[in-house]
Amino acid sequence: MSPQIAIKDQIREGQLFSSRAIIALIGIILTLLAIITRMMYLQIIGHEHYTTLSQNNRVSIQPLAPTRGLIFDRNGIILAQNLPTFTLEIIPERVEDIDLTIAELVQIIEISDNDISRFHERLKQKRRFQSIPLRLRLSEEEVARLAVNRHRFPGIEIAARLIREYPQGNLAVHAVGYVARINEKELNEIDPSNYAATNHIGKLGIEKSYEHLLHGSVGYQRVETNVLGRTLRVLDRTPPVPGEDIVLTLDANLQRTAKQALGDASGAVVAINPKNGDVLVLASTGDFDPNLFVNGIDHKTYNELQTSRLKPLFNRALLGQYPPGSTIKPFIGLAGLESDFITPKTTLFCRGWHTIKDDERKYRDWKKEGHGVTNFKKSITESCDVYYYDLAQTMGIDRIHDFLAPFGFGETSGIDIGGEASGILPSTGWKRQARGEPWYLGETLIAGIGQGYTLATPLQLARATAALANHGNTIQPHLLSYVALSNNEKIEFIPDRDSISINKINPKNWEITIAAMENVIYGLRGTARRINHGQPYKIAGKTGTAQVFGIKQEEEYVAEDIAKHLRDHALFIAFAPSDDPEIAIAVIVENGGHGGSTAAPIAGAVIDQYLSLDFSPGGK
Amino acid sequence: MNHSRSYGRWIDRRPTGRFTTRSLHMDWPLLFGLIALSGVGLVVLYSAGGQDMDLIWRQGIRLGLAFGVMFVIAQIPPHHIERWAPWLFGVGVLMLIAVLIFGAIGKGAQRWLDLGLFRFQPSEIMKLAVPMMIAWYLAENTLPPPRRAMAITVLIIVVPVVLIVKQPDLGTSLLIAMAGVFALLLAGISWRLVGGMSVLVAAFTPIVWFFGMHDYQRQRVLTFLNPESDPLGSGYHIIQSKIAIGSGGLYGKGWLNGTQSQLEFLPERSTDFIFAVFAEEFGFFGILLLLALYLYIIARGLYISAQAQDTFTRLLAGSLTLTFFVYLVVNIGMVSGMLPVVGLPLPLVSYGGTSMVTLMAAFGILMSIQTHRKLLTSG
């Protein structure tokens, strides 16, 4: 651009701009006139109309909360219900001095400091015209005392509300979950209209994942109020639509048996019906009473729960990632059979340890003196480590990975309550990506006995066991059995993952593996022979002991010398009846020592109870 | 693009060497209007906020900060602002993209960028950066802009607008689009083109409706068309706010005496719907005075832009002033039920709002343009 043209342009452009600015100003004035016209329409012509409306603005709209759907176990036992309770509530905008009112209320009924601080917290979150609960669960006597004094307190209300209650307490808290006050983050994610009257929202488990079914839709009523805003009469009413009732696959009695069998030990039990993925038991010990959370848990109790050694809030069944230990052996053995690295006749002499070339280290067997001549069946029955060091070394980690992946190791199971850990199924690729390091042969060896990097959740173990029981048919575990609609129709659970079939495996190899697993229980030297009490059906299982604490090469593991929290985890997987499986189970007892002595009896108790109906003289 | 672009040099309008009130670079008539408006705002807010003095203090501090920003920016000579325009625009677009990426990771709406020390909303920057960029770009061309320049200008508008719609923030994207359109109009594009573009926008509306809008945004528009359909949600807002305005009448119910606002029928009365409180308590005549005050500020802004000495400053000042006007119209339009609820505050009156600082920064730019003069050089 030459300066000459620029100067000439400046003048012309300045004029152009000025004319445009004047047009803009005219446009602005016209727009303002339009606004003024609108104001005249509202304020002069419509004045009388709107004045009447504003004087009659005693008609207010009140949202009505829908009743939350109930949750049942598979046999119709109620797991979550709604109890009517009386609540003392305050509508802030109708109270002149809130602190004074509360101080006076304290003289009539008992209100704890905790109640008051919770009230103030909610006061900040809610609008001033919404009522805020101050005291929950009033007794009848308290209701009466408040009613007598009610004239002294404009703006307080005694509301009959339904409060969520879990009659089974902590029985299935990690599966059912709980509801609690809606927090600010959730407030942004929900439809504010639909939750206008709702104070609680599902926070965990079924209550959270099926919130959309359980909640229902809001209703509202127009009410006429007096000058103080107290309701005089209801003008019209759109009733809320209650939430749907949900029936779970969980068996509450079985769950109780599992929990009792676990006792004080911390651990988890997961049982699945391998035919359809119904989760029958989902227990994690050290759990907590969900009713504590419904009305807001106080800090002290919450801190106790959080800092407790048992970690009750932690759902071990879904989030606990443990080395699977020897429970991985049937899967690896099956891989070996299928890939022809071993046959049922292949034997190996176990002298109690295994070494690899150019490595001083001794990979030890749990049995110091060794198992002697060992074939496949014996390797499972007695859980020979050396056999699997050798097999893993021959197969290589990537082949193991590829074979185990379809069983669901290393990926979430897709259970319908979410919040599960994915575990780890290591491979050379995984290690390069996750750790940025190459894979070492020694790591393959310990992966062969389910140690090292390999991690699985109890749910994953149960699912893999179910796939084994099914001869390769994988299932998506789920807790929802069906939604019971009000018109008596049912909506069954529909899996959102395809069930894949690990079908290319020689049927004979399934049978060999399962027979070896039966021998774990019924063999003379089976590691879980103590749960054999002559059941009318056969159980197939595998014990496991997962190392928590690394012992040095020349040291010996002596349980008594090691602090409890560093002792080995005990594991057990099983399914029964082995010829037509109806239940697949995974048990882990943290720091429980040997799988055969601690974990297996728990599985045995659950299986016995579940199958006793089938095999009792009366039958099902 | 012309790489050896000369930005010229601007100095104090009347340099005297001594310190006088002129050295403060304030445009006193504009400052007077802004202070008067903020004052009115605090008075209404006191009533709307339920006589909460804390609220007034917080708003006062925010106003103080905003005026401080305006003062600082007024000291910067326009050639610096012009030089920064493309950089600010570029950085702004990058930050918008960053917000979208982090938003995608965090799932859900995301307008903020967390810079560790403080969080900050890149779309606010774009309210200034888009008019600056357009003015910067058009200043390089002859006016009225040739077709190629027009196309690039449209691109400068569309890119940030689309990014902000994605956040999703309809109100801000509307403001920025309008700022750009105004800059084009002021640059002198032909009326025929304006007509053609209007038709194009009308044609795109259905596409935006079906593919560009979130459910809740569509719901808002539907609610606007039929407020009674959602009496618990935003329909309730519109119904109550119309009652508030209408019942105000000619003279209003008097300060602190509005029943709609004092009895809290009116939602969001200290923020987006504060105009309804004003209308209820001060009536039609009050509104006339308030609109007169806004018109005064806008007219002063247009005067400053017409007086400006080069294309960049003219276009920038004009476009910023008209953006301010859009705020006003959209807010009053939504409160009085003429426009859908978009969620823009009444400028300088509504409580809070990060937009106040941006708004005052824009007025700082206007003051800088008014109080500096360009040295005309032959280069």
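Modeller: In this account, a helix is a DSSP run of H or I with at least four residues, a strand is a run of E with at least two, and both are numbered from the N terminus. The model is a predicted one. By that definition, chain A contains 22 helices and 21 strands.

The part to examine is the meeting of two of these helices. Helix α14 of chain A covers residues 329-338, and helix α16 of chain A covers residues 385-395. Their axes come within 10 Å and cross at roughly 50°. An angle under 35 degrees would count as roughly parallel, and one from 65 to 115 as roughly perpendicular. The angle here therefore makes α14(A) oblique to α16(A). The crossing of the two helices is left-handed.

The residues that form this contact can be named on each side. From α14(A) come A:Lys329, A:Ile332, A:Gly333, A:Ala335 and A:Gly336, and they meet A:Asp385, A:Tyr388, A:Leu391 and A:Met395 of α16(A). By type, five residues of this contact are nonpolar, two are polar and two are charged.

Among the contacts in chain A between residues at least 6 apart in sequence, 72% join residues at least 24 apart.

Once residues up to four places away in sequence are set aside, A:Leu254 touches A:Leu280, A:Val281, A:Ile583, A:Val606, A:Gln609 and A:Tyr610.

Some features of the backbone also deserve attention. Most residues other than glycine have a negative phi, and most peptide bonds are trans. In chain A, the peptide bond between A:Ala576 and A:Pro577 is cis, with omega about -20°. A:Pro577 is placed in the loop between β20 (569-576) and β21 (583-589). The loop between β21 and α22 (595-615) of chain A holds A:Asn591. The phi of A:Asn591 is near 55°, a positive value in a residue other than glycine. A:Asn591 has a relative accessible area of 13% and is therefore buried.

B:His25 is not a glycine, but its phi is positive, at about 60°. The residue is located in the loop between β1 (9-12) and α1 (28-48) of chain B. Its relative accessible area is 5%, so B:His25 is buried.

B:Gln370 lies in helix α13 of chain B, residues 355-371. With a relative accessibility of 12%, B:Gln370 counts as buried, because the cut-off is under 20%. Apart from neighbours within four places in sequence, its contacts are B:Arg13, B:Asp27, B:Arg300, B:Tyr303, B:Ile304 and B:Gln307.

Conventions. Residues numbered from 1 in each chain as written. Chains lettered and ligands numbered in written order. Predicted model: local features only at pLDDT ≥ 70, side-chain atom pairs only at ≥ 80, totals over all residues. Heavy atoms only, no water. Axes fitted to C-alpha atoms, helices over the stretch in contact; angles between N-to-C directions. Parallel < 35°, antiparallel > 145°, perpendicular 65-115°, else oblique. Left-handed = near helix turned anticlockwise from the far one by under 90°. Contact = heavy atoms within 4.5 Å. Nonpolar A, V, L, I, M, F, W, Y, C, P; charged D, E, K, R; others polar. Buried < 20%, exposed > 50% of the residue type's maximum accessible area, 1.4 Å probe, protein only.
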